[in-house]
Amino acid sequence: MDITAIERNVRLYGLPVFLTLMGLAGMLLIGLSSPATTPIDHVLAPLKRAAFLGAAGFAVVGAIWWARNAWLKYRWIRGELDGGCHHCGGVMRQLKGRWGAYSKCLMCGNTRKGWH
Ligand SMILES: [Zn+2]
């Protein structure tokens, strides 16, 4: 694996993996906290359940996002993906910048004017 491949993997998986790990850490923290014993704990119980579900949601969204990017990369490696990037043929994300619409490649980070 060369430097650009590592960069690409960080760009592709960094956020989704971060999201998944945060969700799992949240679930773990809430799940491992002591059972309700005081009246305050009973008041907080529904909040804790909601927070747990929220953390689980984060983990699920992160995992789906990660899987989607892995699928994109798999197709890109096999050359089945016909993205808008001039540089590597990768999929581009449509963004709006200070100078109007532009696209940023998900694989190599190359940018192009307009949406592709
Ligand atoms: Zn590219």
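Two residues are in contact when they have heavy atoms within 4.5 Å of each other. Keep that in mind, and let's start clicking.

**Before you start**

You have a predicted model open, in which local features need pLDDT of at least 70 and side-chain atom pairs count only at pLDDT 80 or more, while totals for chains, interfaces and linings use all residues. Residues are numbered from 1 along each chain as its sequence is written, and side-chain values use heavy atoms, with hydrogens and water left out.

**Stop 1: Arg8**

Select Arg8, which sits in helix H1. Helices here are DSSP runs (H or I, at least four residues), numbered from the N terminus. Is Arg8 buried or exposed? Its relative accessible area is 19%, so Arg8 is buried. The scale goes like this: buried is under 20% relative accessible area, exposed is over 50%, and partly exposed is in between (1.4 Å probe, protein chains only). Now show what surrounds Arg8: leaving aside neighbours within four places in sequence, Arg8 is in contact with Lys73, Trp76 and Met107.

**Stop 2: Lys73**

Hop over to Lys73, in helix H2. Lys73 is buried too, at 16% relative accessibility. Leaving aside neighbours within four places in sequence, Lys73 is in contact with Arg8, Asn9, Leu12, Tyr13 and Met107. Zoom in on Asn9: its side chain makes a polar contact with the side chain of Lys73, at 2.9 Å. A polar contact is a pair of N or O atoms within 3.5 Å; within protein, one must be able to donate a hydrogen and the other to accept it, and residues adjacent in sequence count only if both atoms are side-chain atoms.

**Stop 3: the salt bridges**

How many salt bridges does a search of the whole structure find? The search finds 2. The rule is a side-chain nitrogen of Lys or Arg within 4 Å of a carboxyl oxygen of Asp or Glu.

- Select Glu7 and Arg11: they form a salt bridge, with the closest N and O atoms 3.5 Å apart. The two are 4 residues apart in helix H1, so about one helical turn separates them. Both are partly exposed, Glu7 with a relative accessible area of 41% and Arg11 at 36%.
- Select Arg78 and Glu80: in this salt bridge the closest N and O atoms are 3.0 Å apart. Glu80 is partly exposed, at 44% relative accessibility.

**Stop 4: the two domains**

Zoom out and colour domain 1 (1-81) and domain 2 (82-116). These bounds come from an automatic or database domain assignment. The domain centres, taken over C-alpha atoms, are 26 Å apart. Where the domains meet, 8 residues of domain 1 are in contact with 11 residues of domain 2.

About 760 Å² is buried between them, and carbon and sulfur atoms give 65% of this. On the domain 1 side, select Arg11, Trp76 and Leu81: they lose the most area to domain 2, together 64% of what that side buries. Buried area is the accessible area (1.4 Å probe) that two parts lose on being put together, summed over both.

What about polar links? Between the domains there are 2 residue pairs in polar contact, both at pLDDT 80 or more. Helix H1 (3-32) and helix H2 (39-77) are the elements that give two or more residues to the side of domain 1 that touches domain 2.

**Last stop: Val17**

Finish in helix H1 at Val17, which is partly exposed at 34% relative accessibility. Try the distance tool from Val17 to Gly57: they are 40 residues apart along the chain, and 14 Å separates their C-alpha atoms.
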